[in-house]
Structures are given as structure tokens and as C-alpha cells.
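Subject: Structure handover

Hello,

Here is the structure for your files. Please open it alongside this message, as the notes below refer to it throughout.

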Amino acid sequence: MFVRKLVLAGVMTVLAGTSAMACGINARVSVVGNEFPAIQSVGAGAQECSGAEVTTNLTADHQKINVPGMQGNPAEYTSAIIANSSIVALMNEDVIRPLDDLVAKHGKDLKKNQLVTIDGKVMAVAFMANAQHLVYRADVLKQIGVEPPKTYEDMLAAAKMIRDKGIMANPVGGAYKAGWNLAQEFNNMFLGMGGSHFKSGSAQPNVNNEAGVKALTMMKSLSEYMNPDFLTHDSNATNAEFRAGNVAIMNMWGSRAATLVTADGVPQEVVDGFAIDGPMTAGGGAIPASTLWWDGWTVAKNISDAEAESTFIAMTHAIRPAILADSDVATQAVWLIDGYKPTPAAVGVFAAAEANTIPYPMLPYMGLLHTALGNELADFMQGKESAEQALADVEAAYVAAAKEKGFL
Amino acid sequence: MLLFIATPIVSVTVQSMFTPHEAVFLTVETCTPFKCTEETTIDQEATAALRAEQPLGRFVGLDIYLDRGHLAISEVGEAWASSQNWTEFLASLSNLPFYRAMSFTLVFIFTVTPMVIVLGLLIALAVNSIYARLRGVVIFFSLLPFVITPLIGALVLYWMIDSRGILGNLLQWMAGDPSLSLKASTGLMWVSLIVYGIWHAAPFAFVIFYAGLQTLPQDQMEAAQIDGASRLQRVRYVILPHLMPLVMFVTLIQLMDNFRVFEPIIGFNAEAHATSLSWAIFNDLGGETRQFSSAAATSVITIIGVAILLTPVLIRTWRDFRRKV
Amino acid sequence: MASRAQSLPKGLRIALTSFIVIWLIMAAFPFIWTLWGSFKVELDFFSIADWTNAITGARTEETHGSPFTGAGYHGAWVEEGFLRNVINTFIVCFFVVLTSLTIGTLGGYALSRSGYRYTFWLLIAALIFRAMPPITLVAGYMLPFFQWNVWGILPTTIIVLVAINQPFTLWMLHSFFQNIPKELDESAKVDGCTQFQAFRHVIIPVMWPGVITTGLFSFLLAYNDFAVTAMLLAEENRTMVPQVAAFLGSTYTEGNVMFAVASVVSATVPLFILVMVFQRQIVSGLTAGAVKG
């Protein structure tokens with residue numbers, strides 16, 4: 001569905017032709033967001049607008065500054081670029097405004113599925129999608145004579161063969177760094193095993209169960225085939241292992257696929273063998289053990305209507321279909337923009353969307369559970385305690401935090 | 001000046017006793033680029049009304065201090081009741097975030113501080129006895145680990161102790177174990193952090209002691225020599241007493257800084273093995289949903305902890321001070 | 001002291017020399033290693049394939065045709081405009097040092113001459129201020145700074161850094177002035193000088209060692225700060241340390257690690273020069289009593 005819609009939209013854009021739009025605004029625009037290349041392009045796009053000042057503050061610490069920066073009146077930032085995990089913090093503090101009237105007035109280039117609606121109100125405009133999926137070395141898998149794994153069980157079997165044949169000592173890669181990354185890998189595996197983070201309709205945690213234990217057991221088995229330092233490896237370090245030719249199979253972010261082997265000094269066999277595929281399933285489940293993500297922008301509540309309108313115009317201009325004409329920009333992300341034609345690097349994310357991967361939960365208390373998972377699972381991964389104990393610790397840590405925040 | 005420090009201290013204390021209001025939830029249809037689902041969100045109107053009534057939030061007294069994330073009174077009680085012996089009790093204690101952080105912090109403080117003083121003193125004595133012409137160069141290189149930005153210093157060492165880094169390889173070769181990795185074992189990670197702590201702070205102690213040695217009263221040294229005191233005795237009975245105020249000063253600074261150990265944990269990616277109170281604050285403020293009350297409570301605990309650690313030193317300073325007056 | 005050095009027994013001298021040599025290797029080797037590695041590509045520097053690559057630069061040679069490359073420096077300085085961060089750092093350091101020293105010298109002098117013994121209470125204040133984890137201070141500042149519209153600019157950061165550091169500066173300088181005998185300014189006053197003239201003509205000429213030492217400590221604090229600068233500065237006003245952290249990347253984005261390594265080396269150079277120029281003053285300043293309490 002998802003792919004077909006995109007392709008159809010692409011055809012329509014070609015027919016309509018790209019109209020070069022001028023972007024005129026009359027009030028201040030100020031954007032805060034993360035700093036990866038796709039967002040840099042969006043920020044630069046907003047700054048093309050003339051008539052009033054457009055400033056951007058794109059930094060990895062954006063989550064620490066966007067809430068205070070939008071709480072003042074008038075707010076310092078008129079727009080925050082966020083993802084489905086981080087829009088929740090803005091929603092919880094009620095600092096972003098519904099965009100329905102602005103979409104009706106200026107949003108003719110936006111597609112229906114770009115509009116993130118909550119309770120029937122448009123709260124954000126998404127522009128790119130992301131997911132973690134399989135990245136592998138085709139040459140190594142060919143050498144051991146197996147197909148790219150479709151399940152984590154296949155991945156383990158392939159890893160064993162690679163190690164037994166002495167091709168690589170630690171053929172599996174994974175961003176298992178204690179903290180956010182480790183928790184994210186658990187989320188993937190847990191959802192793939194059929195788990196659900198909360199008891200239906202409440203903020204009560206629901207991870208200390210069979211799915212949770214199975215997810216942890218699988219992660220532990222995978223870690224046997226990882227570099228022993230895996231608890232310090234974030235996605236950057238994991239990619240570095242892949243580039244050095246030490247890793248043959250890993251679960252990696254789709255947004256990294258385009259540039260994974262373009263760095264200086266990557267050996268030729270790694271460049272040639274690099275391949276990607278959709279996310280894997282686990283434990284016989286039908287839904288992939290991964291999560292879907294989107295990135296989008298919002299407009300602040302505590303600003304004048306003129307500033308909100310200018311912000312909307314500038315940000316819409318920044319993600320207009322014409323930006324895809326630049327081939328560098330087109331490969332920076334899996335764009336949700338009208339007219340995007342998937343590049344080879346986008347295959348994994350599209351496969352994830354088609355296989356009904358579950359989107360990362362957009363719940364007010366998900367962030368607290370994510371933090372609790374990140375802090376408490378490392379003990380299990382080091383073999384210091386049982387899976388049940390680790391999951392009980394996670395729930396206890398989450399409950400303490402959720403009580404503090406008034407969620408329980 | 002007071003405004004900038006006193007106000008935050010007061011506001012942090014206040015914040016640690018208030019928490020956000022009970023959230024009022026609504027279940028609404030949420031549509032993302034992928035699909036539409038029923039999701040829970042916060043009822044902003046109801047929450048706004050609650051906020052208008054009590055802008056500070058709910059008053060919870062010391063609840064935050066006593067919850068699982070901090071002193072964990074009820075969990076400690078349970079562990080005490082259910083444990084058969086001390087080992088079991090300590091094991092369940094180290095499973096609680098606050099006590100896990102404290103166990104590393106205390107080990108760090110009480111190994112790094114004395115080692116820094118001893119090493120600093122040895123370097124100062126050694127440098128003081130080499131040829132004057134060489135001293136400049138030696139002092140220059142000795143000061144580098146201290147002036148280097150802590151985050152950068154930690155990163156540089158972290159890169160070197162990787163199992164494929166030069167120090168990592170050296171250690172593997174010396175231990176005769178090619179699979180040895182400093183980053184994979186809690187014990188070795190603690191050792192690395194402690195070594196970093198000493199490496200970073202020893203030059204500070206050195207330069208203070210070295211400066212102290214320059215004001216060493218020569219007549220006393222000569223008198224001791226004439227009385228037939230050996231080299232060791234001269235160090236013990238003349239040099240050390242002379243340097244004592246400086247030792248106190250270095251101890252004071254070291255206790256305080258080591259209690260707040262933070263940059264090495266971040267630089268070494270050591271979260272899985274070692275945490276500290278400052279790291280806990282950083283972690284509370286760094287998540288998708290920030291826990292201000294929890295961070296505030298940890299900050300107040302940090303200040304109290306520093307106060308407790310410094311009490312013996314401060315009492316001594318107070319006595320000296322009274323004597324001078 | 002030289003006479004003492006010559007009078008050392010041979011065994012002890014060998015022991016001392018080897019101790020110093022070992023210490024120097026420990027102190028200096030990480031810097032030399034990083035400097036060497038900064039001219040390599042990432043795969044060599046981290047020697048993920050084989051540790052000897054970090055020395056020989058095998059992958060660097062394959063990519064750039066020589067075992068050394070300035071690519072990291074080119075990236076950091078030319079492509080990413082690291083110069084702007086350097087300038088920001090020096091603006092912050094200059095004003096932090098200037099403000100702390102002005103307040104510190106005048107305040108420290110006044111306190112030391114006022115008759116009361118403030119030492120202990122100053123020390124307590126300095127300790128409380130230092131005990132506070134900077135990260136909590138910063139979290140408390142964020143909201144008001146945004147509301148007053150002063151977040152993200154250099155002056156705000158300068159004021160915060162001065163505030164954190166001031167009690168310590170004041171305490172160090174106060175102790176230092178106490179060691180300058182009061183008879184000096186009293187004799188000046190007998191000669192018909194006012195208190196200020198006494199300060200101007202008598203104290204200023206002899207206070208430099210203490211001021212320089214204190215100034216260096218303030219400088220290091222401002223130069224090395226990460227917690228305050230990372231949270232309070234907007235992207236275009238970043239100083240060097242947060243910029244290095246930004247080069248390292250985050251979960252979402254590939255950092256350019258070699259840019260980070262090159263900027264680490266670049267950020268260390270001014271500290272080298274500083275220590276080289278001022279090491280004599282550091283020692284003599286400390287000797288002159290700044291740390292005697």
C-alpha cells in the first residue's frame with residue numbers, strides 16, 4: 001500500500017511538473033531540530049525564504065532545548081523538528097498548535113499521509129521515514145552458502161557458520177550500547193515476539209512476561225556473536241566495525257544505508273559485498289522485530305498567528321517536491337514528500353513498512369519506559385542477573401518515574 | 001553572583017519536593033504516515049486547569065528522595081528482610097540505581113584521592129631533585145594531563161584502551177590473553193576509570209606540592225641534616241609537616257571533584273559498568289521525557305554528600321581558622 | 001637545590017630518573033599518539049582491523065596515496081568552519097578571565113584589608129558553589145533564559161561561567177593579598193596616598209604572580225567547560241568542546257570522527273602554548289601563597 005501510494009504520487013508530480021515557488025514571509029521563523037544531513041537540508045530550505053529573518057539551531061541536544069525554548073511566551077522557537085518518539089514531550093507540555101487551518105490555506109503540496117493527526121487535529125507534518133533493518137555482506141553469505149536471513153534464528157545460524165568456518169570471529173553487529181540504543185534493540189525484539197509495552201489503555205508496564213524474556217534471551221544469544229565490547233557500541237561504532245570488515249550481518253538504521261560504505265579507507269570487498277534487506281522477524285512472529293519512525297516538524301503554540309503562518313510557509317517550502325531534484329538531497333533519507341522515487345538504499349525501510357512493522361509507540365509515558373529499559377537491561381546482558389529479574393527491575397524503575405510524572 | 005548560584009540551589013530544592021500533576025488521559029485516534037490507531041494522549045484542557053490551580057505541581061515532600069530511583073527506603077527494607085546474609089543483601093542493594101552509583105563513586109573517591117596525593121608528592125620530590133635545567137621540560141609535560149579538557153582527555157584514553165587500540169593490545173600481550181577487553185568487564189572498567197582519574201589529577205597535586213617545596217625553610221633542612229637525619233627521615237619530619245596544609249587543600253578539592261565524577265563515565269561509555277550521581281542527573285535530564293524532580297532530588301543528595309565528605313576537613317580548617325583569630 | 005641534586009647517591013638518582021621518565025611517558029604519550037593518529041583515516045586511527053595500522057597507516061595509504069593525510073583538519077577547519085568555534089572559545093575565555101579577575105582582585109583586596117577574617121566563610125561559599133553539579137545549575141537556568149530571550153548567546157554563558165568560578169577566584173586572591181604585608185599600604189598612606197592610590201601604586205606592582213595563577217585557573221575552567229557551553233549556546237555560538245562532541249555524532253547521524261580527532265588536537269594546541277608560556281608563573285604564583293589558605 002505504502003509503496004504503491006508513493007509511486008502513484010510520484011507519477012502525478014511528474015505530470016504536474018515542478019513549479020518553482022518563491023517563498024515570501026512576513027514574520028520571524030526560528031527552527032530547532034536534530035543535526036543529521038536530511039534535517040540540515042530542510043533547515044537550509046526554510047532559510048531560502050525572504051521577507052523576514054529565518055534562523056535555525058540544529059543540534060544533537062535539540063531534545064533538551066526544544067521544550068524550554070517553546071514554553072516561553074512568545075516562544076524562542078517557532079518550529080521544532082521532531083520524531084515520533086520526541087513529539088510526545090511537546091504534546092505533554094502543550095507547546096505546539098493544531099495546523100488544520102494552515103494546512104487548508106497553504107498545504108496543497110502536502111500529502112494526506114504526511115499529516116500526523118491526533119484526535120482529528122493535525123499536530124505535525126512528517127517528511128521522512130526510517131526503520132532498522134538487515135544490513136549484510138553478500139559475499140560472506142555466499143561463501144557459506146546461505147540466503148540473507150529472514151528471521152533472527154536464521155541470523156544466529158548464519159553467524160555460527162561464519163564463525164565456525166573461521167571467516168570472522170564476531171560476525172554479528174548490533175547497536176547494544178547501554179542506554180537508549182540497548183533499549184531500542186529490546187523494543188524491536190519485544191514487538192517482534194508479539195509483546196506490547198503497556199497493559200491495554202493504561203500506563204501500567206507490561207514487559208515482564210514471556211515475550212520480554214524471549215526477547216532478552218534472543219538478544220543474549222546474538223551478543224555471543226558480537227564483539228565483547230558490545231555494551232559500549234552505539235550505531236556509529238557498529239557501522240565502523242562493518243566498514244572494517246569485522247561484521248557480516250547486523251540490524252541497522254535505514255537512514256545510514258546510503259552512506260555506510262562511502263567513508264575513506266573502506267576495503268573494496270566491504271564496498272562490493274554491502275547489501276541491505278527488510279527487517280527480520282523473531283520467534284516465529286509475523287511482524288518484523290523492528291519499529292517504524294517518522295521525522296516531521298511542528299509549529300509552536302505561544303507565538304503570534306503571523307509568525308505561525310510564516311513558519312508554516314517556510315517549512316512547507318523547505319519540504320516542497322522540488323528539493324528532490326537535487327540528487328544528494330534525494331538520497332539523504334526516505335522522503336515522504338510527493339514525487340520521491342525510492343533509491344536502492346531505501347529498500348529496507350520500504351520493506352519494513354510493507355511488512356506492517358509497528359510504529360514506535362507515541363505514548364506520553366513511552367520515554368520513561370525507554371529510559372528504564374536502557375538503564376536496567378545491561379546487568380542481564382552481562383550475565384549478572386536473570387531475564388526475569390532484569391525485567392522486574394525495569395518495571396520497578398519505570399513505575400517510580402511514572403509516579404513522579406503523574407502518569408500512575 | 002549570589003543570584004546565579006543561590007537561586008538555582010533554592011529552586012532545585014523546591015523542585016525536588018514538587019512533582020507534575022496527575023495526568024488526565026484521553027484515548028484518541030492518532031494517524032501517522034504509516035497507519036491510524038487508537039492511542040492515549042494527555043487531556044490538555046483538564047491538565048491546564050490543574051496547573052492553573054497549583055502552578056508548582058503536587059507537593060510530595062520527601063517522596064522523591066525515598067523512591068526507588070533515590071534512597072529506595074522500602075526496597076532496601078525488603079532486601080534486608082528477605083536476605084539471608086550480608087552478601088545477598090549487598091547484591092540486592094547494588095541492583096538499586098542510587099546504591100549502584102554510590103558503590104562506584106565511593107570506590108573511585110577512596111582510591112583516586114590517596115593515589116593522587118602519593119603520586120603527586122613523589123613526582124614533586126623527584127622533580128625537585130633533578131637538575132634545574134631539566135625541570136622546565138618535565139613540568140611542562142607533567143602538567144598536560146591536568147590542563148587537558150576532561151572530556152577530550154577521557155576520549156583520547158578511551159580510544160587507546162579499545163581491545164584493538166595500542167594500550168588494549170599491549171595489555172592483551174602482557175596478560176597473554178588475546179580476548180581480554182577492558183570495556184567488557186566491570187572490574188577492568190572500574191580500574192580504567194580509576195587510572196584515568198589518577199592520570200588526570202596527579203599533575204594538579206604535583207604542581208601544588210612542587211610550589212610548596214620551593215618555600216621549604218632551608219635552615220630546618222640543614223638542621224635536620226646536621227642532626228644526622230636520613231633522607232627518608234627528612235621527608236617524614238620536615239617536608240611532610242611543611243606540606244600538610246597543601247595536602248589538606250588537595251584532599252578537599254579532590255574529594256569534591258571525585259564525588260561528582262562524570263566526564264570519564266561519558267567519555268569511556270561506561271554506563272553499563274559504572275554510574276555516579278552526576279551521571280544519574282544527566283540521565284534524568286537526557287531522556288525523551290525529562291524527570292526534573294528526580295534530577296533535583298539527586299542534586300540535593302549530591303550537595304549533602306559533598307558536605308558529609310568534607311566535614312572532617314572543614315572542622316580542621318575551622319580550628320586552624322579559630323586559632324589564627 | 002642544584003647542590004642537593006648533585007649530592008644524591010647514584011642508586012637513588014637512577015631510581016628517580018627512571019620514575020620521572022615513566023611518568024613523562026604516561027603523561028605525554030596519549031597526546032603524541034593522538035597527534036600521530038589525527039593524520040590517518042578513521043579505520044586506521046581506531047585500528048579496528050589490525051592495531052599496527054594505526055602506526056603504519058595502511059588504509060590511509062590506500063585511500064590518499066600516503067600514510068599521512070590532512071583530511072581531518074581540512075574537514076574540520078575548511079568544510080565545517082572550526083575557526084568560528086575557536087574564536088567563540090577565545091571570546092568566552094577572555095571575558096571570563098577579565099571579569100573574574102577584576103571582581104576577584106578588587107574584592108579580594110578589599111576583603112583582605114577589611115579587618116574581619118573572611119577566609120573561612122569565603123572558603124565555605126566557594127566549596128558550596130563548586131559542590132553543585134553544573135548540569136543541575138544549567139537545567140535550572142534554561143527556562144528563565146529562554147523567557148528573557150538571552151539563551152544561546154555568548155554573554156549569558158560568560159556570566160554563568162563567571163558566577164560558578166567567582167567564589168573560588170575571590171578566595172584564592174584574598175589569600176594571596178593576605179600574604180602581602182599590610183605595612184606596605186600603610187606606609188603608602190602615611191606618605192599621603194588614599195586607599196585606592198595605595199592599591200594602584202603599591203599593590204598592583206607586586207600582585208602579578210597571584211593574579212596570573214588565578215587567571216590561569218579561570219581560563220582553564222572556561223576553556224574546558226562542557227556542561228554549561230553545550231546546553232547554553234546556540235549552534236552558531238558553540239565553543240570548541242561542544243563542537244568536538246557534535247563531530248562525534250549521535251545515534252541518528254554518522255559523526256565525522258576524524259574531524260573530531262583533528263579538532264581535539266587543534267583544541268589542545270593553545271593549552272600547550274599556555275602551559276609553555278606560563279609554567280614558571282604557575283609555580284611562582286602558587287609559591288607566593290595563593291594556595292596557603
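This is a predicted model: local features need pLDDT of at least 70, side-chain atom pairs count only at pLDDT 80 or more; totals for chains, interfaces and linings use all residues.

Chain A and chain B

The contact between these two chains takes 51 residues from chain A and 43 residues from chain B. H17(A) gives the most, with 6 residues. Sorted by class, this side of chain A has 25 nonpolar, 18 polar and 8 charged residues.

There is also strand pairing across the two chains. S4(A) pairs with strand S2 of chain B (residues 25–31), in the antiparallel sense and over 2 bridges. If you want a residue pair to find on screen, take Ile118(A), whose bridge partner in S2(B) is Thr30(B).

Domains of chain A

Chain A is divided into two domains, and both are made of separate stretches of sequence: domain 1 is 2–130 + 292–358, and domain 2 is 131–290 + 361–404. Their centres, taken over C-alpha atoms, are separated by 29 Å. In the contact between them, 24 residues of domain 1 of chain A meet 21 residues of domain 2 of chain A. On the domain 1 side, the elements that give two or more residues are H4, S9 and helix H14 (347–354) of chain A. H14(A) gives the most to that side, with 5 residues. By class, the domain 1 side divides into 15 nonpolar and 9 polar residues, with no charged ones.

Chain B is divided into domain 1 (20–54), domain 2 (61–95) and domain 3 (100–149 + 201–324). The C-alpha centres of domain 1 and domain 2 of chain B lie 34 Å apart. S2(B), the strand that pairs with S4(A), covers residues 25–31.

Chain B also touches chain C, in a contact that takes 69 residues from chain B and 60 residues from chain C. The side of chain B that touches chain C has 51 nonpolar, 14 polar and 4 charged residues.

Regards

Notes
Residues are numbered from 1 along each chain as its sequence is written. Chains are lettered from A and ligands numbered from 1 in the order in which they are written. Two residues are in contact if their C-beta atoms, placed from the backbone, lie within 7 Å. Helices (H or I, at least four residues) and strands (E, at least two) are DSSP runs, numbered from the N terminus. Ala, Val, Leu, Ile, Met, Phe, Trp, Tyr, Cys and Pro count as nonpolar, Asp, Glu, Lys and Arg as charged, and the others, Gly among them, as polar. Two strands pair if DSSP finds at least two bridges between them. Domain bounds come from an automatic or database domain assignment.
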